[in-house]
Amino acid sequence: MAQRHSVLDRYLGPLNGPHTMGRGVAFWVGFVIVVAVLASFPEYMRRYDIINLSNFLISGFLALSLSLLWGYCGVLSLGQAAFHGIGGYAYGIVALNLFNAHGNTDLAFFAGVAIPVIFAAIIGGIMFFARLRGVYIAILMLVVSLLIGTFMRQTADPSYTIGAAYLGGMNGLRPASVEDPLLPSLIFGWGETVIELDGRRPAFFYFVLGLLVAVYLGLRCLVNSSYGYWLVGCREDPNRTETFGYDVRLIQLGVFCIAAAIAGLSGVLYTAWGTYIHPDGFGVAPNILVVIWVAVGGRKDLGAAIAGAIVLEWVSLRLAAEGEIAFLVLGAILVGVMLIAPNGLGITIGDYIRRGHDRAIAWVRAR
Amino acid sequence: MSAVTEKSTAAGAIVETRALTKIFGGVRAVDGLDFAISDGEIHCIIGPNGAGKSTLFKLFMGIERPTAGTIALDGHDVTRLAPHLRARRGLAIKFQAMQVYQDLTVYQNLFIPLRRHHRPREIPERCAELLAQLQLTDTEERIVGDLSHGQQQWLAIGMSMAVDPKVLLLDEPTAGMSPEETRQTAAIMRQLNESGVTIAVIEHDMAFVRDLDTRTTVLHYGKVFAQGAFADIERDEDVHRIYLGKI
Amino acid sequence: MEAAAEVFSYAYQYFDNIGFLILSASGLIIIFGMMGVINMAHGELMMIGAYITAFSYHAGVPAPIAVIFAGIGAGVAGMILERLVIRHFYKQLLSSLVVTWGLSLMISQGFLLVFGPTILNVPTPFGNFPVSGQTFGIYRLVLFGSALAIVATVWAVFTFTKFGTHARATMEDPDMADALGVNTRNIYVLTFGIGAAMGGIAGGMFALTATISPFFGINYTPLAFITVVVGGGANVITGLLSSVMALAGVQTAVNNLVNVYVGYVAMMGAAFFILLLLPRGISEYLERRKIRTERNGRGATA
């Protein structure tokens, strides 16, 4: 097998490894086809569908962040949406304040990624260095998310303004006064060049798709590098890994911060997509959704987690038309999948395909 | 106290404890122990169940914190150091419980410790060498949980060897092995020792300890009961009374 | 007189908060302390209890009996969940967390679908009593008393009955208990059922003071969890009591000094802080101290 893929390995070496499914020609051809099909959607799909699909892709980032943290390093957080919300608010607050002066949202974009990381470094540093047990970390992160949500919900009082940004309680972030700008979509400025990406337009969809592919491929390199082996070592047996001379706490803290950055990025994109961010993003529902996507898709594979997010977001949207059953069905899917395919549907299906593929090759060779 | 005792010499000691004590819920698992492993030796530790042997290794590695006393590694006090920092000073351990990553492949299992001192592109070659030494050639892609018990034991030893330690602590390396596998394990250990690694080994298999025929310590109730060449230990009546006679 | 009323008001709130936390956490702590599983659907079991109480009450059943129905109903629901789902996840802590969270979502959404978002109410019994001009509800004191009674009952069950002995043996070493002829399968079901029933009783009792909706349970799970982990698993009873005394103290004080939200945050903050100092909870710290004192005592006499 290894020889057959030698050409592929020369170019895709860092992307392939034991920690991601799919490393053969068939997988990469399929990958290119899926991305190409997605990229062609704006050509023939309704605008409404493209807008929704942009949102599904944004969910893909959040799924990636939890897959990395939980699936690879074994650190479960039930409050991963908190970083999404913090990123979204950070983007919004900075954008409202600087947009008039700068004319772009470069700094806001950066802040939306950096501030969740700073927050993660502080809270993660405390939790990991106190050697809290995994279950405690999982639920404490949920509690943190709920507390931030409760705080944000009671900021309807006009005194809760940060410069030109008014937190606005249940109504979400908005300008502090009529002179202040509205919450902008992504607008990148570089010297004279200004690129505006309106959340309602195909350009935004292409940008999100490109960024998702880039983050996915980047994380593939990461998890198949030495760092990926350390992550997996921490997941499988942290005590044993420590006896080899690795500081497990630092490895966990590092991956916690990377996951926060990716979740923050999804928050930035979400806020820019809807020019809207409100405290419901910190509640139980968004947090449990992330866990469902990743657990059902397959936490131990980045691609399976993204697929889980996109497919289940589509299912939710479909079910929403049928009345209030979306969450009930999603809960049932989660419990059912955990019982039948504990590693997630994506990984179970992937294993079947690989075995079938291997058998087919063996059969062809035998002829 | 047995008649066979020799004064443990501080000179040349690579691991040394002073008045080391560990109390679990009122039980003195290790009791004021002064003990030394000399640089370059293979040192066997034997004794009845509950003598504190495994606890001693956990104290060496920093998995347990001592109630009192000190531990020095290569002349430096490491009593308060975290396990990973002791590992970086050249200590490696194979615990009594099987400590391999059950759900990963053999290659993944060895990659993690090998990466401590090797660049990624050197690892496949080092891994193959190590596997040849452990009689596990061509198992790279197998899931460790599918290997036989003896093979998993060797892999666990190999993982500890892979960090190129100065001192290797092996807690019951031959548990569950056939006599032939046990002999091979002794051969691997001697080979490793000749390349300069100090080894301390806890064992219950007297044939194995006799085969190694090296300096031996008998622990009893967390104290040194007897110490010396294995041949002398084996002849000692007190040691027979508390331990060997039972086998 | 003013000062006396003030002191009484503080004490009243303190005991009210203690009773509230004990009732919220007691079922969860049994399941966590004995079985090592954190049941994220605990709040939903309480919600089931609350609904049963409300429906029974409106059907003419006296309130105390309605609460007992709640305990039975939630206990049965808990045992069904254990058999169908939770038993598959005993050795996988994080997976059990996720799967029980999924169950909680299913239960609350199922209730929403069947009963709709309408809010049920049951009048609070027993009326009020005055202390120098202020009125206090008697039922709150009943809650506190019931909380203590529940803790005492559970302690007695696990200490004195054959079931309790078997349960403790099973939790200590399941394989050994199994070899000794204990039916560990039944022990797990029953222990889970008892934990769930306690949740149901708590939910039923809260139903008499709070409004009931399908989302009744959502806020209780994190609260119960915080109480449980601060207490730790070394000793269920001392853990629970020390934990609620500490947390209710912080909550009561900050509630009165600032406001309810800050009081809640302060309690969570205190829980976080205690966990950083004692990562395995207060009860383990107390157990360690007890052992140390015993040893010192023995050393002195020897």
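**View 1. Where chain A meets chain C.** This contact takes 32 residues from chain A and 30 residues from chain C; two residues count as in contact if their C-beta atoms, placed from the backbone, lie within 7 Å. On the chain A side, the elements that give two or more residues are helix 6 (134-153), helix 11 (284-297) and helix 13 (326-340). Helices (H or I, at least four residues) and strands (E, at least two) are DSSP runs, numbered from the N terminus. Which helix of chain A gives the largest share to the side that touches chain C? That's helix 6 of chain A, with 11 residues. Sort this side of chain A by residue type and you get 26 nonpolar, 4 polar and 2 charged. Here Ala, Val, Leu, Ile, Met, Phe, Trp, Tyr, Cys and Pro count as nonpolar, Asp, Glu, Lys and Arg as charged, and the others, Gly among them, as polar.

**A word on the model.** It's a predicted one: local features need pLDDT of at least 70, side-chain atom pairs count only at pLDDT 80 or more, and totals for chains, interfaces and linings use all residues. Residues are numbered from 1 along each chain as its sequence is written, while chains are lettered from A and ligands numbered from 1 in the order in which they are written.

**View 2. Where chain A meets chain B.** Here 16 residues of chain A are in contact with 20 residues of chain B. Helix 8 (226-236) and helix 9 (238-243) of chain A are the elements giving two or more residues to this side of chain A. Helix 8 of chain A gives the most, with 6 residues. By type, this side of chain A divides into 6 nonpolar, 5 polar and 5 charged.

View 3. pLDDT is the predictor's confidence in each residue, from 0 to 100. Chain A has a mean of 88, and 97% of its residues reach 70 or more. Among its elements, helix 10 (residues 248-274) has the highest mean pLDDT (95) and helix 1 (residues 6-12) the lowest (64). Over residues 1-5 of chain A, pLDDT stays under 50, and the model has 2 contacts beyond four places in sequence for them.

**View 4. Chain B on its own.** Chain B has 9 helices and 10 strands. Along its principal axes, the C-alpha trace of chain B spans about 50 × 40 × 35 Å. Among contacts in chain B between residues at least 6 apart in sequence, 68% join residues at least 24 apart.
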